[in-house]
Amino acid sequence: MKLNDLSVHELKNLLQSKQTSSEEIIKSCLERIAEVEAEVKAFITLLEDDALKAARNLDKKGEYQGLAGIPYGLKDNFCTSGIKTTCASRMLENYVPFYDATAARRLSEADAILMGKMNMDEFAMGNSTELSAFFPTRNPWDHNRVPGGSSGGSAAAVAAGEILFSLGTDSGSSIRQPASFCGVVGLKPSYGRVSRWGVIGSASSLDQVGVITRDVTDCALVLQAIAGKDPSDSTSVALEVPDYSASLKADIKGLKIAYPREYFQAGIDQHVKACVMEALKTYESLGAIIDEVSLPHSEYALPAFLLIACAEASANMGKYDGVRFGLRDFSADNVVDMYSQSRGLGFGTDVKRRILLGTHALSAGYYEDYYLKALKVRRLLKNDFDKVFENYDVIVAPTAPTVAFELGAQSGDPLTMYMNDILTGSTNMAGLPGMSIPCGFVQEMPVGMHLIGKPFDEPTMLKAAYAFEQATSFHLSRPGRRVR
Amino acid sequence: MALTIAEVEHVAMLARISLNQSEKEQFALELGLVLNYADRLKSLQTDNIQPLDHILPVSNVFREDVVIGSPDREDMFANAPMAEDGQYRVPKII
């Protein structure tokens with residue numbers, strides 16, 4: 001097996017026992033990139049020379065602590081000092097930040113090696129990475145299908161073996177749905193667990209930075225490196241960061257798992273549902289206690305989520321006015337026209353639609369019926385989860401209603417695309433941790449299982465994920481190489 | 001139900017986004033579709049429910065009042081579409 005096909009924890013062992021060097025790992029990834037990137041198109045910016053240079057410097061020192069020497073990618077909404085950060089938008093096509101996002105800084109302090117900036121739906125709005133202003137990314141399992149989104153480049157590159165892990169952001173499903181579509185592990189931590197400072201926001205009360213890896217062990221390692229309070233992000237929480245790797249135990253006897261009936265109903269592909277029901281049987285055979293529960297307000301979750309996400313996005317997008325950074329239309333002869341024309345030129349259709357929806361929901365005459373109403377539904381959704389978590393440790397459901405769909409298949413009616421958040425958006429509304437792990441295949445495409453934990457109880461969620469992974473082999477399959 | 005073109009123009013004015021005619025027509029339909037879907041919330045009784053605007057019970061997060069480093073002015077201006085004499089330059093305001 002080639003180096004780029006191994007896991008972070010396997011490479012860590014090889015590096016520490018001097019059986020390989022960081023340079024060899026980077027070169028192995030670069031070879032893979034040369035093979036597949038022309039089709040997959042996961043990178044907006046590839047930092048080949050910088051990565052090799054960093055690896056050589058590290059190899060000279062010969063010390064490999066933490067994530068040292070491991071190549072990774074960042075979604076292109078993480079600010080990186082001196083490196084273009086585009087959000088896959090014409091608006092920021094030439095934007096070069098002068099500082100690093102805290103999560104990115106923590107990885108570079110851990111001596112992990114940045115391979116590049118990954119493609120995404122523009123400003124993290126979308127679920128297919130087709131809405132990148134530059135080019136779509138393709139699913140490494142089937143190039144006619146989307147990788148999911150908005151962190152589609154981050155997930156596709158990890159699945160394709162181009163990088164070992166990546167960071168993404170998730171406001172509704174944007175880490176978990178692409179992880180599900182690409183057959184990798186994607187974790188969105190509790191709101192406040194990881195600093196959002198330096199990450200270009202989409203919906204600030206829903207956004208959270210998270211991790212995409214090939215297995216659960218790697219996921220725990222990377223989360224450890226980025227979690228914790230950051231004085232620069234007032235919404236990051238000062239709770240002690242537990243030892244996530246220590247929570248990975250295969251013994252889950254007596255673990256109480258709930259599956260909400262509303263997450264297995266109409267609109268969910270029958271074969272996807274069957275995979276997750278089968279996974280629940282695996283959990284039962286491992287000694288977990290499985291019960292059906294109800295999250296009674298689920299049918300209201302998606303409309304409420306959309307209103308809040310669009311309202312917050314419309315506020316966040318206000319800063320793109322052509323004054324301090326980003327695209328400006330120089331043809332305007334007064335400042336208001338300059339704002340409007342710059343924004344008209346710089347934003348893509350989906351971003352415009354969401355800004356307009358959010359502006360409408362916040363505007364005089366509509367605020368109470370839409371935005372305020374959605375905030376009340378948010379309270380009800382949180383109460384539903386609180387009630388289930390009085391009696392259960394983890395909630396399990398499908399991550400997405402379907403496997404990866406074909407490019408162009410959801411480009412018509414915007415509601416079709418918005419439906420991708422239906423099983424995951426509630427966890428963002430309630431600030432809960434959620435993760436997607438591979439649990440089967442439908443039409444030769446990976447299926448993701450969604451695990452939801454109590455607030456800041458990532459350890460129990462990781463433990464449940466780890467136990468399933470140890471009992472199954474879905475995570476060992478790679479595009480073009482199914483392990484049966 | 002679709003929004004009217006005048007409604008789309010109003011919200012686009014509030015959002016400061018210029019739209020061409022075909023975009024106005026497209027968004028009139030699409031915004032109507034999504035808002036129609038959102039209208040299902042109206043059937044839910046929420047009179048005594050407190051809105052939840054943020055999941056964390058934090059407000060007024062302070063730090064010690066000490067001087068910390070601030071960004072370099074040149075760095076800040078490096079991304080400006082137009083700057084002059086340490087100021088951002090924009091077209092006529094009034």
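B:Arg16 lies in the loop between helix 1 and helix 2 of chain B. In this predicted model, B:Arg16 has a positive phi of about 55 degrees, although the residue is not a glycine. B:Arg16 counts as buried because 21 C-beta neighbours fall inside 10 Å, where the cut-off for burial is 20 or more. In chain A, A:Lys18 is likewise a non-glycine residue with a positive phi, here of about 60 degrees. A:Lys18 is found in the loop between helix 1 (8-16) and helix 2 of chain A. With 9 C-beta neighbours inside 10 Å, A:Lys18 counts as exposed, since the limit for that class is 12 or fewer. Most residues other than glycine have a negative phi, and most peptide bonds are trans. The peptide bond from A:Gly149 to A:Ser150 is cis, with omega near 10 degrees. A:Ser150 is placed in the loop between strand 3 and helix 5 (152-160) of chain A.

Helix 1 of chain B is paired with helix 11 (residues 349-362) of chain A. The axes of these two helices come within 9 Å and cross at roughly 95 degrees. Helix 11 of chain A is therefore roughly perpendicular to helix 1 of chain B, as the crossing angle falls in the range of 65 to 115 degrees. From helix 11 of chain A, the residues A:Ile355, A:Leu356, A:Thr359 and A:His360 meet B:Val11, B:Ala12, B:Leu14 and B:Ala15 of helix 1 of chain B. The contact of helix 11 of chain A with helix 1 of chain B has six nonpolar, two polar and no charged residues.

For helix 2 of chain B, the partner considered here is helix 9 (residues 298-316) of chain A. Their axes come within 9 Å, with a crossing angle of roughly 125 degrees. Helix 9 of chain A and helix 2 of chain B are therefore oblique to each other. A:Pro303, A:Leu306 and A:Leu307 of helix 9 of chain A meet B:Val34, B:Tyr37 and B:Ala38 of helix 2 of chain B. By class, this contact has six nonpolar residues, with no polar and no charged residues.

Within chain A, helix 3 (residues 48-61) has 14 residues. Helix 3 of chain A reaches 21 Å from its first C-alpha to its last, close to the 20 Å expected at 1.5 Å a residue. Its buried residues are A:Ala51, A:Ala54, A:Ala55 and A:Leu58. Seen down the axis of helix 3 of chain A, these buried residues fall within an arc of 100 degrees, so they line one face of the helix. A:Asp49 and A:Lys60, on the other side of helix 3 of chain A, are exposed. The buried residues of helix 3 pack against helix 2 (22-40), strand 2 (71-75) and strand 3 (113-118) of chain A. Helix 3 of chain A is followed by A:Gly62, which has a positive phi near 75 degrees.

The axes of helix 2 and helix 3 of chain A come within 8 Å and cross at roughly 160 degrees. Helix 2 of chain A and helix 3 of chain A are therefore roughly antiparallel to each other. Helix 2 of chain A contributes A:Ser22, A:Glu23, A:Ile26 and A:Leu30 to the contact. Helix 3 of chain A contributes A:Glu48, A:Ala51, A:Leu52, A:Ala55, A:Arg56, A:Leu58 and A:Asp59. The contact of helix 2 with helix 3 of chain A has six nonpolar, one polar and four charged residues.

A:Asp230 is placed in the loop between helix 7 (216-226) and strand 7 (256-260) of chain A. With 21 C-beta neighbours inside 10 Å, A:Asp230 counts as buried. Apart from neighbours within four places in sequence, A:Asp230 is in contact with A:Thr102, A:Ser195, A:Trp197 and A:Ser236. A:Gly192 is 38 residues from A:Asp230 along the chain, and their C-alpha atoms are separated by 9.7 Å.

Methods: Residues are numbered from 1 along each chain as its sequence is written. Chains are lettered from A and ligands numbered from 1 in the order in which they are written. This is a predicted model: local features need pLDDT of at least 70, side-chain atom pairs count only at pLDDT 80 or more; totals for chains, interfaces and linings use all residues. Helices (H or I, at least four residues) and strands (E, at least two) are DSSP runs, numbered from the N terminus. The expected span of a helix is 1.5 Å times one less than its number of residues. The arc is that of the directions from the helix axis to the C-beta atoms. Two residues are in contact if their C-beta atoms, placed from the backbone, lie within 7 Å. Axes are lines fitted to C-alpha atoms, for helices over the stretch in contact, and angles run from 0 to 180 degrees between N-to-C directions. Angles under 35 degrees count as roughly parallel, over 145 as roughly antiparallel, 65 to 115 as roughly perpendicular and the rest as oblique. Ala, Val, Leu, Ile, Met, Phe, Trp, Tyr, Cys and Pro count as nonpolar, Asp, Glu, Lys and Arg as charged, and the others, Gly among them, as polar.
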